[in-house]
Structures are given as structure tokens and as C-alpha cells.
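Hi,

Here is the structure I promised to pass on. Have a look at it first, and my notes on what turned up follow below.

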Amino acid sequence: MLHWMKNQENRVSKMGKRVTMQQIADAAGVSKFAVSRALTGKPGVSEHTREMIVRTAGQLGYFKIEPKYNAVDSHTSFGDTMGKKNEGTILILFPNIRSQNRSSLYWGPVFDGISARLNEQGMDILTLTEPSSDHMFSVLNPDAIRGVITVGTISTPVLLEIYRLRIPLVMVDHEDSAIHTDTVFTDNVKGMKELVLMLAAKGYKRFQFAGQLPDAVSFRERWLGYRMGLEVMQLQAEQHAGLLVQEYKEMQQTIREFKLEDIPEVIVCANDHTAFIIIEALRSRDVQVPEQCAVTGFDNTRADDPIIATAHIHKEHLGARAVDQLLWRISNPNVPYERKLIHADIIMREEYHSLRE
């Protein structure tokens, strides 16, 4: 595997400015025919292979677009951008995932923040769910779209289509290694680190983390913040792999298989919904929550559950700042891309901590 990776690096380093289909085929380990079919949207390759080829092509720079330095003054100030009314339509793109939509307790307020800010600016809104095909602009006129804001996890082929068409793009709570663009995130690392430090200050010593780590960038960042907090406090926690899986049913089964003496003092969860799932599993074993095992969340969407601590994410503000960034990017297309971080407020629910004492 290491030899293969070195070969890949050598191939990339030898590439000139123009990336060919043969180079993509070599890097992806497929035929040039498969690359041609995948990049032109023709049948003949599986969806898995198509996405792998498109991602490889993006990473090698196949879709790279040289900036137009004569387009607009690249030093337009933020105040100049926000001080005037804008015209045109902004496309808001949601993923084709059941939990990530406008009715979600998390994503709904993000959309509300986007909508309110665009209304302030007098701009039209077009809201779409990510299409199954990556050629959505075959039915939409890209010239009519001033910019795109994606909310959550959008597939690489769709993002690359937006990128190819040079449409200004801002992603909320997601990033993709195949392209470079502006993003807006909660400061997940700092927020989770602060939460762990507060728990340690209250006397908790035996920790576990629960969350779908491969699932989302934000979850991986919260895991990193969790580990940083433990390191600062010099606490050792041998992580149980069964709590870092994709399926909630597997997480619950892991809790059910714990020996009672191995149940930690606190389980730090990637979000409030995961905390709810863990609480259910603990209660199924007659473990008292939070007296015997405390549970924390992150996003403050389940105030009625005995979650002893969480982080309040300013969801509407995330949406509003995504709009601000997009309008600024429209006026400043040639300056470096930015990753904005929004502070999250840690909430410690003292009424639950008193039950443990």
C-alpha cells in the first residue's frame, strides 16, 4: 500500500498544468474508457466508480479554473458589499438525506438564518434538494444563479459541477477535499475541548466518546476537541470502538454489552441526538442517568432529555454568515478562500450535576 501511495505521489508530481484522462485513470486505477464515461456523465460505470473517478479528477486539478483577475476589484470591502442591495437568485441546496432538511431541529434554523439575511438583501431564494443526477444545471440556467449555499453534506459530483461553472459557492458545516471554496462552521474543536475541561473540573475522570466519526466533518472535529481536552487534563480514556460507528443500533448494542463495572462516569456525544440514543441504551440496562452515568451532547436540540451539558450552536447565525460570505465572495472572486468559525456557548445543566453528588 505504501509503495502504491508513493507511485501516486510521483505521478501527481510529474503532471504538468493540464491533467489528462490517462493520468486520472492511472491515479484511480481504472481504464481511460471508464474515466471518459464518468466525466461525461454517460452510462457504463457504477455510481461508486463514477464518484471515485470524479473525486480523483478533482484532487488532481482536472477541474481547476484559472481566476479572472480583471473581473472585479479584488479588494472590495465587506462594508461595501453589505451596504447596497443585491439582485438575482441564490440557490440553497440541501442534501438528499432524510435527517438534513428544512424541518430538522438543526438545519431548519440554519435555513431560517439564510432566508432572513437574503430577504434583507432583497435577493430571491431557490431551494432544492440535491438531485440524484449530478447534472442539475441541465434543467437550471447557471447564468441565472448568482451563487450557491449548500447546507450539510452534498456529494462531490454536484459540488464539482457548481465549481466547474464558476458559480460562487459557500458550504455550511461541510467541506470536500476535491475542491477549494469558502466554508462556515461552528468552532467544534474549541467548543468540545471547553466542554470536556468543564466536566473534568467537576470531577469526572472516566470518559467515553460516542459519535459517527466517518459521517461528518463536524463530528470528527468534536472528537479531536474531546481528545485535546483529555490531554490537557492528563486523563486516560481507552476508547471503545463500538461507540464510533455509523449505525446507532450498533452503538446501543455496545452499551448493552458493557460490563456494569466498565460503564464510564460520563459519555460525551457528538450531538444531542446521539446523546438521546445513548441514554435510551443505558436505561434499557437500568443504569440511572445521570446518577450512575452522565451523558453530554452538542448542538442544544433536546432540552427535555437528561443531558447534563451541551453546546448551543447559533444556527441562524451560521446561515446569516454564510450569506454574508457568499455576497462578499461574489464581489471578491480572486482572493484566498476562507473558513469561518462561529463560537458555540457551553451549557452546563447544574440541576443534573446535583443528582450525581
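Let me start with charged side chains: R117, E120, R321 and D324 are linked in a network of salt bridges (a salt bridge being a side-chain nitrogen of Lys or Arg within 4 Å of a carboxyl oxygen of Asp or Glu). Before I go on, a word on the ground rules. This is a predicted model, so local features need pLDDT of at least 70 and side-chain atom pairs count only at pLDDT 80 or more, while totals for chains, interfaces and linings use all residues. Residues are numbered from 1 along each chain as its sequence is written, and side-chain values use heavy atoms, with hydrogens and water left out.

Within it, R321 pairs with D324, and their closest N and O atoms are 2.9 Å apart. Why are they separated by about one helical turn? Because R321 and D324 are 3 residues apart in helix α12. (Helices are DSSP runs of H or I with at least four residues, strands are runs of E with at least two, and both are numbered from the N terminus.) D324 counts as buried, at 3% relative accessibility; buried means under 20% relative accessible area, exposed over 50%, and partly exposed in between, with a 1.4 Å probe and protein chains only.

In total the structure holds 9 salt bridges. Another one joins the side chains of D182 and R329, at 2.6 Å from N to O. This pair links distant parts of the chain, since D182 sits in strand β5 and R329 in helix α12, 147 residues apart. Are these two buried or exposed? D182 is buried, with 0% relative accessibility, and R329 is buried too, at 3%. K340 and E338 also meet through their side chains, at 3.5 Å from N to O. Here K340 is partly exposed at 22%, and E338 is partly exposed at 29%.

Now for the sheet. It is open, has 6 strands with parallel pairing, and runs in the order β2-β1-β3-β4-β5-β10 (two strands pair if DSSP finds at least two bridges between them). The edge strands, each pairing on one side only, are β2 (124-129) and β10 (339-342). On average, neighbouring strands are turned by 20° against each other, direction ignored. (Axes are lines fitted to C-alpha atoms, for helices over the stretch in contact, and angles run from 0 to 180 degrees between N-to-C directions.) Helix α12 (residues 315-331) packs on this sheet, touching β1, β3, β4, β5 and β10, and its direction makes about 160° with that of β5; contact means heavy atoms within 4.5 Å. Between β4 (169-172) and β5 (182-186) there are 3 bridges, and M171 has T183 in β5 as its bridge partner.

Helix α9 is worth a look as well. Its buried residues, including F219, Y226 and L230, pack against β5, α8, β6, β7 and β10. After α9 comes Q234, with a positive phi near 55°.

Finally, the overall numbers. The chain has 13 helices and 11 strands, and buried residues make up 50% of its 357 residues. Among contacts with a separation of 6 or more, 68% are between residues 24 or more positions apart.

Cheers
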